[in-house]
Amino acid sequence: TLNAELSNAYLNKDLEKAMYYAQETLKEALLKNSLIGIPFAHQQIGKVHLKQGDLLEALEQFLIAQEKYKATQNWVEIALNNILIGDVYANTGDLLRAENEFNKCKEIGEKINNNTLISTGFLALFDIETNQKNPAASAILKKATYFIGQIESKDLKAAFYSFIGHRKQNT
């Protein structure tokens, strides 16, 4: 929806506007009783809270989204939401829970043969290990790179490789 796009557009510019449009997205979805829109809106509200540093509220919104996604068995969205939940835990310093959420994304990817999800899970784990100055980060990056190589979309591959390039510059 337009409100969702506007919320996303303002996410890095104006968090107040981003929240307004995210809440409007939720109102729209609730009026339509949208099985896809409602969890997406909760996820968007959670992203704004995460950017604001309100980790408890972000986690609450992501968990609501997760419950709704599980009801529809939307495995891709469940896995991507695991990454967001893991980001909250990583921001609180609870790296064990963060790793658990990132591994869930990877495991769902393996279960449904989705190399994008597997790569995303490995890259999230790579970030944690890199931030901890763990030598295991190199092995994790090699696994991520392998699965990125298995992705059919050249544009998606390019995006992942670009992402890795930026991450390696910052280490």
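Asn 82 touches Gln 66, Glu 101, Phe 102, Lys 104, Cys 105 and Ile 108, leaving aside residues up to four places away in sequence; contact here means heavy atoms within 4.5 Å. The model is a predicted one, in which local features need pLDDT of at least 70 and side-chain atom pairs count only at pLDDT 80 or more, while totals for chains, interfaces and linings use all residues. Residues are numbered from 1 along each chain as its sequence is written, and side-chain values use heavy atoms, with hydrogens and water left out.

Asn 82 is found in helix H5; helices (H or I, at least four residues) and strands (E, at least two) are DSSP runs, numbered from the N terminus. Is Asn 82 buried or exposed? At 3% relative accessibility, Asn 82 counts as buried. The term buried means under 20% relative accessible area, exposed means over 50%, and partly exposed lies in between, with a 1.4 Å probe and protein chains only.

A search of the whole structure finds four of them, a salt bridge being a side-chain nitrogen of Lys or Arg within 4 Å of a carboxyl oxygen of Asp or Glu. The side chains of Lys 104 and Glu 101 form one, at 3.2 Å from N to O. These two residues are separated by about one helical turn because they stand three residues apart in helix H6, residues 95-111. Lys 104 is partly exposed at 33% relative accessibility, whereas Glu 101 is buried at 8%.

Helix H6 also holds Lys 106 and Glu 110, four residues apart, about one turn of the helix. Their side chains meet in a salt bridge at 4.0 Å, N to O. In this pair, Lys 106 is buried, with a relative accessible area of 12%, and Glu 110 is partly exposed, at 41%.

A further salt bridge joins the side chains of Glu 24 and Lys 27, at 3.0 Å from N to O. Both residues lie in helix H2 (residues 15-32), three residues apart, about one turn of the helix.

I close with the surface. Which residues form a nonpolar patch there? They are Trp 75, Val 76, Leu 80 and Ile 112, with about 270 Å² of accessible area together. Patches are made of residues with over 30% relative accessible area and no salt bridge, like charges being joined within 9 Å and nonpolar side chains (Val, Leu, Ile, Met, Phe, Trp, Tyr) within 5 Å. Leu 80 lies in helix H5, residues 75-92, and is partly exposed, at 32% relative accessible area. Accessible areas come from the Shrake-Rupley method with a 1.4 Å probe, and for residues only the protein chains shown count as cover.
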